[in-house]
Amino acid sequence: RRQPFSLGGVRAWTLGPAATVQHLAVHAVHHHGMQGVWWMADLLAALRAWPDAVHAVQTAPAGVRRSVWYCLEILARRGCHPAPAARAALRPPRLLPGERRVLAMTAETDCSAQIRYALTLACLPGWAARARFVRQAAFPSGPIYAKGFSDSGPPPRYARLAHWAHLVRLAASRCARW
């Protein structure tokens, strides 16, 4: 959902308030594992500027609703309660095993941005989509790295190894804490 605005006399388009709130939450969760302070600060500013925008999340897809709830939950655990009624309304009826622990770790510490894998897994609709995601996370297709979209940084030739190293470090650090 977009809205027009004027930029130097030229008509341009931007996201509307509800879409901005959803975009910031989804990006904070799935790209940064809620470790991107700027994304969470921007989300908090958006919620304060447009307090009614969060209510439009009720009609968003389940994964978006869950992502916004994650962000509201983390903000609340850190002492900011920008939308307590929306937070209560968006709370999923059932949390997946380990989901509560992942959220607690996210709120307590500056954990790895790789925690986003667990959060994304919980937001996907159904077990088939989750199984595909796990397969793609464990064995990413070669073209992803060939086009320079590696989130691990090294050249495409070594990107798979770096990707697996991230997953092993994540699993080892999280299993040691549980």
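How many buried residues are there among the 6 residues of strand S1?

## Strands S1 and S2

In this predicted model, the count of buried residues in strand S1 (residues 2-7) is 0, and the strand is hardly covered. S1 runs antiparallel to strand S2 (residues 10-15), and 6 bridges join the two. Within this pairing, Ser 6 stands opposite Arg 11 of S2.

The two strands form a hairpin with 2 residues between them, where Gly 8 takes a positive phi near 60°.

## Aromatic pairs

A search of the whole structure finds 2 aromatic pairs. Trp 69 and Tyr 70 make up a tilted pair, with 5.9 Å from centre to centre and 50° between the planes. Trp 69 counts as buried because its relative accessibility is 2%, under the limit of 20%. Tyr 70 is also buried, at a relative accessible area of 0%.

Tyr 117 and Phe 133 form a tilted pair as well, because their planes stand at 50°, with ring centres 6.2 Å apart. This pair links distant parts of the chain: Tyr 117 belongs to helix H6 (residues 116-123) and Phe 133 to helix H7 (residues 127-138), 16 residues apart. Tyr 117 is buried at 14% relative accessibility, whereas Phe 133 is partly exposed at 22%.

## Charges over rings

Arg 116 lies over the face of Tyr 117, at 5.3 Å from the ring centre. Likewise, the charged end of Arg 130 sits over the ring of Trp 127, 4.6 Å from its centre.

## A nonpolar surface patch

Phe 139, Leu 161 and Trp 164 make a nonpolar surface patch of about 320 Å². Of these residues, Trp 164 lies in helix H9 (residues 156-177) and counts as partly exposed, at 32% relative accessibility.

Notes:
Residues are numbered from 1 along each chain as its sequence is written. This is a predicted model: local features need pLDDT of at least 70, side-chain atom pairs count only at pLDDT 80 or more; totals for chains, interfaces and linings use all residues. Side-chain values use heavy atoms; hydrogens and water are left out. Patches are made of residues with over 30% relative accessible area and no salt bridge: like charges are joined within 9 Å, nonpolar side chains (Val, Leu, Ile, Met, Phe, Trp, Tyr) within 5 Å. Accessible areas come from the Shrake-Rupley method with a 1.4 Å probe; for residues, only the protein chains shown count as cover. A salt bridge is a side-chain nitrogen of Lys or Arg within 4 Å of a carboxyl oxygen of Asp or Glu. Helices (H or I, at least four residues) and strands (E, at least two) are DSSP runs, numbered from the N terminus. Buried means under 20% relative accessible area, exposed over 50%, partly exposed in between (1.4 Å probe, protein chains only). Two strands pair if DSSP finds at least two bridges between them. Rings of Phe, Tyr and Trp (its six-membered ring) pair if their centres lie within 6.5 Å; planes under 30 degrees apart count as stacked, over 60 as edge-to-face and the rest as tilted. A charge sits over a ring if NZ of Lys or CZ of Arg is within 6 Å of the ring centre and within 35 degrees of the ring normal.
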